[in-house]
Amino acid sequence: MAPTVEEVPSVFDTILVLDFGSQYSHLITRRLREFNIYAEMLPCTQKIKDLTWKPKGVILSGGPYSVYAADAPHVDPAVFDLNVPIMGICYGMQELAWLNGKKVGRGEKREYGPATLNVLDQSCPLFENVDHSIVWMSHGDKLHGLPAGFKTIATSDNSPFCAIAHESKEIYGIQFHPEVTHSKKGKILLRNFAVSICKAAQNWTMENFIDTEINRIRQLVGPTAEVIGAVSGGVDSTVAAKLMKEAIGDRFHAIMVDNGVLRLNEAENVKQFLGEGLGINLSVIDAADEFLTKLKGVTDPEKKRKIIGNTFIHVFEREAENIKPKSGEEIEFLLQGTLYPDVIESISFKGPSQTIKTHHNVGGLLENMKLKLIEPLRELFKDEVRHLGELLGIPHDLVWRHPFPGPGIAIRVLGEVTREQVAIARKADHIYIEEIRKAGLYNKISQAFACLLPVKSVGVMGDQRTYEQVIALRAIETTDFMTADWFPFEHDFLKKVASRIVNEVDGVARVTYDITSKPPATVEWE
Ligand code: GLN
């Protein structure tokens, strides 16, 4: 029998966040991690008996529903038998009130915005260093009275039941949202709950995670099985591959597919960085012709994306067949660099009719190859992955690299993708990024790239009329990629990049800078 695999929440003290569908739920998890406390989010429909680990405390999140509505979601009552501290936030507090006397209803008016917290019980550990701070309200329902067995521990001008606590058990409810930055001392309150009340150890660090994860991979894969995985040169796949290499050495096979639309010299660089530098067992497959042949004549962005996705699966599977493990056994696992935000996205509570989504990006591969999935980064946020990458000795520039889309330069060459067009876009992009690095701006920008626009424009060079294409430069600042602003370069910087591109890249007569934010524009042009 295979040894049982120790999952992260059974190794690290864990705060369980039960999600009732609030847009802020993931932030609760995020904030606790900032204090080195491991927190994991599960949908509010989670059956407590199905948990394979015991949380140190439970937080019930906010949510868009009204607890008194017929189809409102409710927590599994077994959560109260865990005998660990529980805190309800907004909907979560209304849920606690609903379960203990049903005194919740519609308020006369919605309360949205700041309020000042007025703590009544100064001895309550939840409020240490939080009294009189600004807290953020966002609710339309309210408590019409105290739930049975509870007392009021804080008020605000509009909310007589701003915070409540059980008389004898460690159960708390707060009407405001401590997880949003508008609640000035919200982080402290969350830490007070996790550390002072739940007694969770603050040992969630990437230093500690490395060993746990390497052990987990070894237990999962066992002594002989082999694993394959795609690497792209991006931070996630590189960190995942390096972890696999540390855990099982050459039994991990990395495959890099050169699809002909990668950045300039990318395949060569990855070979050097990952293969020679990090010692990963790597095959680089030159499939540029295959991809570019399939892209011939295609101009529709969605079609381009589909062709690249499908061709990738095809090439990857074919290459996987060529790998013959020394053990003589079949390849058993597929590595996937899934991060925690993808997991959150697929499990977050979206209403009674929700269906759990699978990760669409690996769906195809898994169906055809009958492989088991291994996802060593599935507990981690992006900044945790970067920190882990640095600890694993991955070069700084790679760890802090801007994201690069799967369909690559194919969606940065507008219109038909040909070898010649890719070469132009690549060269221009290379110059642009080189100048950004030289100016010390790379880490201030979230993503930057050049696009090739398939329109011709008149120019003059050396007294000759030119009639060539246009390069559009894009650079954005963002924290979450959901909204983004264009980066305010100095004029001299733009002047220099434009002149280098027109001078050094044949086929370009004009350079423009994209000054649209997201929304209404997207980050990529296609
Ligand atoms: N839907 C509930 C209300 O309007 C809870 C809101 C929330 O959790 N933010 O009061």
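The model is predicted: local features need pLDDT of at least 70, side-chain atom pairs count only at pLDDT 80 or more, and totals for chains, interfaces and linings use all residues. Residues are numbered from 1 along each chain as its sequence is written, and side-chain values use heavy atoms, leaving out hydrogens and water.

**Helix 6 and helix 12**

- Helix 6 spans residues 235–248 and helix 12 spans residues 382–391; helices are DSSP runs (H or I, at least four residues) numbered from the N terminus.
- Their axes come within 10 Å and cross at roughly 50 degrees, which makes helix 6 oblique to helix 12.
- Oblique covers the angles left over when those under 35 degrees (roughly parallel), over 145 (roughly antiparallel) and 65 to 115 (roughly perpendicular) are set apart.

- Asp 236 lies in helix 6 and, neighbours within four places in sequence aside, is in contact with Gly 337, Leu 339, Leu 377, Lys 382 and Val 385.
- Thr 238 is also found in helix 6 and counts as buried (under 20% relative accessible area, 1.4 Å probe, protein chains only), at 0% relative accessibility.
- With neighbours within four places again left aside, Thr 238 is in contact with Gly 233, Leu 274, Leu 278, Ile 394 and Leu 398.

Conventions: Axes fitted to C-alpha atoms, helices over the stretch in contact; angles between N-to-C directions. Helix = DSSP H or I, 4+ residues; strand = E, 2+ residues; numbered from the N terminus. Contact = heavy atoms within 4.5 Å. Buried < 20%, exposed > 50% of the residue type's maximum accessible area, 1.4 Å probe, protein only.
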